[in-house]
Amino acid sequence: MTNNKLNKNEWPLWEVFIRSKAGLDHKHAGSLHAADAQMAIENARDVYTRRMEGVSIWVVESKQIHASDPGQSESLYEPASDKVYRHPTFYDLPDEVKYM
Amino acid sequence: MILEYILQLADDALIMGHRLSEWTGHGPILEQDIAITNTALDHLGRARSLYQYAAEIFNALPADKKTEVFNSVAINTTVQTGKAIDEDDLAFLRDVRDYRNMLLVEQPNNDWAYTIARSFYFDAFCYYYFGFLCQSSDATIAAIATKSLKETTYHLRWSSEWVIRLGDGTEESHKRMQHAINELWMYTGEMFVASSADSAIAQAGICPLPETVAAQWKNKVADILQEATLTLPTGTWMQQGGKTGVHSEHMGYLLAEMQFMQRTYPGMEW
Amino acid sequence: MAVQSFQEHFDSLIDRDISIEPKDWMPDDYRKTLIRQISQHAHSEIIGMLPEGNWITRAPSLRRKAVLLAKVQDEAGHGLYLYSAAETLGISRDEMYEQLHTGKAKYSSIFNYPTLTWADMGAIGWLVDGAAIMNQVPLCRTSYGPYARAMVRVCKEESFHQRQGFEIMLTLSKGTEVQRKMAQDAFNRWWWPSLMMFGPPDAESPNTEQSVHWRIKRFTNDELRQKFVDVTTEQAKVLGLEMPDKDIKWNEERGHYDFGTINWDEFWNVVKGNGPCNKQRIDARKKAWEEGKWVRDAAMAHAEKRKQKANNVQAA
C-alpha cells in the first residue's frame with residue numbers, strides 16, 4: 001500500500017493471515033516485508049508464530065488487496081440495519097418449543 | 001566415551017548458536033534478524049538439553065574418574081568441591097582444549113554470505129545425521145535428535161534458499177557467496193572424520209559413524225550449489241582438530257566473551 | 001463531501017470512541033502526528049535492541065541467555081509491527097529508516113545510556129520495560145486502528161519482559177554482597193533516565209492536549225510518571241534496594257509518593273544527541289543497514305529472476 005519514494009528496491013509489503021488452530025478461519029495477523037511469496041511465508045512463521053499462534057499461514061501482497069471505500073459505508077452497510085428479521089431473536093416462540 | 005560424544009554435539013550447537021546470536025540487532029533486514037535469532041534459539045535449546053544430559057552422566061561417574069575428564073582448572077575446582085555440575089558449568093567453566101565442537105561452527109560471521117555458507121554446510125550435515133540419531137539406541141539422544149530434526153529441517157530450508165538467492169542474485173552477491181562457499185570448504189571434511197568418541201559410540205551401536213551421511217551431504221550441497229549457479233569447491237585438503245579440542249584462534253576469543261561473567265564472579269547464581 | 005464534512009465525520013468518530021482506519025479521511029496533522037509518534041516508537045524498539053543485545057554473548061547462564069535472546073528478538077518484532085502500522089499511513093519503512101539514520105527522527109533517550117554490568121539487564125527489564133508498559137497499555141485503545149492492534153500484540157508479548165528483569169534483580173539482591181551492590185548500582189544509574197522516559201512535564205509538553213483529544217495519548221506524561229513512581233517504589237522494597245532519590249516520601253494527602261527534581265537539562269542534552277551512546281547507537285544501525293544492502297538487493301534480484309522464469313514457462 002505504500003509507495004516507496006526512496007528505494008524502488010524495497011522488499012514488497014505482504015499481509016499475513018494465520019489460522020490459529022485447525023477448524024478456525026485464517027485471521028489477519030499483520031504485515032511484513034519479503035522478496036517473494038515463499039520468503040513471506042517463512043518470515044511470517046518467524047515473526048507471527050513465535051508463540052505457537054498458528055498452524056497455517058496465508059500471505060498476499062498488500063498491493064493485491066482491494067478494499068471497500070469508507071466514504072460509501074452508509075450505502076454499503078446501513079441498509080442491512082433494518083433487516084432485523086434476518087436474526088433468530090426476531091421471532092417469538094412459546095417456551096415449550098425446544099431445540100429450535 | 002558417551003560423555004565426550006554428547007559434548008561434541010552440545011558444543012556444536014552452543015557455538016553455532018553463539019555465532020548466530022551475534023547477528024541479533026544487526027541483521028540485513030528486520031524480518032531476517034528475527035529469523036536468524038529463532039535459529040540461534042533452536043541451537044541454544046538443543047545445547048542445553050545435551051548439556052543437561054551430559055551433566056547427568058558426569059555426575060554419576062565415580063569420584064576418582066570425575067577429575068580425569070577435563071583439563072580446565074575452573075571446572076575441576078568445582079568438581080572437587082563435591083557439588084554436582086550442571087549445564088552452566090559445562091558451558092562456562094571449560095577452556096578451549098575441553099571444547100569438542102567442529103572448527104566450522106566457530107568460524108566468525110564475517111558477512112551474511114559467510115554466515116549462510118557456514119549454516120548451510122552444518123544444517124545439511126545435521127539434517128542427515130540427526131535422521132540416524134533419531135533411531136539411536138540411547139533413548140535420550142533419540143528424543144533430542146527427534147526434536148532437533150524438525151528444527152534442522154527448517155534451518156536447512158532457510159540456509160539453502162539463501163545460498164540460492166545470493167548465488168543467483170546480483171553479481172556482487174554471487175561473488176560473495178562463491179567466496180564464502182570456497183573459504184569454508186576446508187572445514188567441512190571434519191564433519192565426517194570420526195573422533196575416538198564417534199568410533200566408540202558407533203561400536204557400541206548407539207549411533208552410526210558420521211561418514212555414513214557423507215554421500216548424502218555431498219549430493220545435497222552439489223544440488224543446491226548448482227541451483228544457485230555456484231561452483232562446488234574441489235579442494236581436498238581439509239582442516240580438522242575441533243573435535244579433539246585443537247581449535248582455531250577464534251575459539252579463545254569466543255569463550256573469553258561468553259564465559260567472562262562466570263569466570264569473573266565464580267560460584268554465583270544468576 | 002466537502003472538507004468540512006470530512007472533518008465533522010472524523011470528529012464524530014473520535015468523540016464516539018470509534019477507531020480510525022487507514023482508508024478513512026483524517027486531518028493532515030493527525031496523520032503527521034501519528035507517523036511521528038509511531039515511527040519514534042518503532043525506532044525505540046529497534047535502537048532498544050542494542051544496549052541489551054550486547055549482553056547476549058555474555059549472559060551468565062544458558063537460561064538467561066535464552067531469555068535475553070527471546071526478549072531482544074521480541075523487540076525486533078515490536079519494531080516490525082509498529083513500522084507496519086506506520087506504513088498504513090503512507091510512509092515506507094525505508095523512509096522511516098532514513099529519518100532515523102539522519103537524526104531527523106527521534107527515539108527514546110533511555111537507550112543512549114550504556115549497559116555496563118549484567119545487573120543492567122535486570123534494571124532495564126524492571127524499570128525501562130516497566131515504564132514502557134505503563135506508556136503502552138493505554139495505547140491499546142488509541143484511536144488509530146492499526147496502531148491500537150499493534151499495541152495489543154506488543155503488550156501481550158511484553159508482559160514477560162518486565163518479569164524477567166525483576167527476576168534478575170531479585171536473584172542479584174538475594175545473592176552475594178557483590179551482586180547486591182551490582183543491582184543497587186544499576187538501579188541508581190537507570191532510575192532517573194527511566195523517569196525521563198515519560199517525557200517533559202505537562203506544562204512544557206505542547207502536544208499533549210491535542211494528542212489526548214485524538215486519543216493518540218490517553219494519559220499525560222506527569223500522570224503516568226507518578227503512577228510509575230508509586231508502583232516502583234513499592235517493588236524496590238521487595239528487592240530490598242534503596243531508592244536512588246532522597247526525596248521519595250509518601251504523601252498522605254495526595255495518596256502518592258512525592259519525588260525529587262528531575263534533571264531536565266540532562267534529558268534535553270541527551271535528546272539533542274549528547275548522550276553517552278547516541279553516536280554508537282545510530283552508527284550501529286547505519287552499519288547494519290548499509291552492510292545489508294547487497295543482501296536485500298540480491299533477494300529482490302533473485303525474486304525478479306524467478307518471476308521471469310515462471311512467466312517464460314507460462315508463455316511457452
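In this predicted model, the side chains of Lys305(C) and Asp168(B) form a salt bridge, with 3.0 Å from N to O. Between chain B and chain C, the number of salt bridges is two, and the bridge of Lys305(C) with Asp168(B) joins these chains.

**Interfaces between the chains**

The interface of chain B with chain C involves 47 residues of chain B and 49 residues of chain C. Together these two chains bury an area of about 4000 Å². Carbon and sulfur atoms contribute 70% of that area.

Chain B also touches chain A, where 12 residues of chain A are in contact with 11 residues of chain B. The area buried between chain A and chain B is about 1200 Å², and 52% of it lies on carbon and sulfur atoms. One salt bridge is counted between chain A and chain B. The side chains of Glu42(A) and Arg157(B) form a salt bridge at 3.1 Å, N to O.

**Packing of helices**

Two packed helices are described by the angle between their axes and the distance between the axes.

| Helix pair | Residues | Axis distance | Angle |
|---|---|---|---|
| H8(B) and H11(B) | 139–167 and 214–227 | within 8 Å | roughly 40° |
| H5(C) and H7(C) | 119–136 and 177–196 | within 9 Å | roughly 30° |
| H6(C) and H9(C) | 145–173 and 221–239 | 9 Å | about 40° |

In chain B, the axes of H8(B) and H11(B) cross at roughly 40°, and H8(B) is therefore oblique to H11(B). The crossing of this pair is right-handed. On the side of H8(B), the contact is made by Leu156(B), Ser160(B), Val163(B) and Ile164(B). These residues meet Lys220(B), Ile224(B), Leu225(B) and Glu227(B) of H11(B). Sorted by class, the contact of H8(B) with H11(B) comprises five nonpolar residues, one polar residue and two charged residues.

In chain C, the axes of H5(C) and H7(C) cross at roughly 30°. Because angles under 35 degrees count as roughly parallel, H5(C) is roughly parallel to H7(C). H5(C) and H7(C) also cross in a right-handed manner. Among the residues that H5(C) brings to the contact are Ala119(C), Ala123(C), Trp126(C) and Leu127(C). H7(C) contributes residues including Met182(C), Phe187(C), Trp190(C) and Trp191(C). The contact of H5(C) with H7(C) consists of 13 nonpolar residues, one polar residue and two charged residues.

A further pair in chain C is formed by H6(C) and H9(C), which pack at an angle of about 40°. H6(C) and H9(C) are therefore oblique to each other. Gln162(C), Phe166(C), Met169(C), Leu170(C) and Ser173(C) of H6(C) are in contact with Gln235(C), Val238(C) and Leu239(C) of H9(C). By class, the contact of H6(C) with H9(C) holds five nonpolar residues, three polar residues and no charged residues.

Note on methods
Residues numbered from 1 in each chain as written. Chains lettered and ligands numbered in written order. Predicted model: local features only at pLDDT ≥ 70, side-chain atom pairs only at ≥ 80, totals over all residues. Heavy atoms only, no water. Axes fitted to C-alpha atoms, helices over the stretch in contact; angles between N-to-C directions. Helix = DSSP H or I, 4+ residues; strand = E, 2+ residues; numbered from the N terminus. Parallel < 35°, antiparallel > 145°, perpendicular 65-115°, else oblique. Left-handed = near helix turned anticlockwise from the far one by under 90°. Contact = heavy atoms within 4.5 Å. Nonpolar A, V, L, I, M, F, W, Y, C, P; charged D, E, K, R; others polar. Buried area = accessible area lost by both parts, 1.4 Å probe. Salt bridge = Lys/Arg side-chain N within 4 Å of Asp/Glu carboxyl O.
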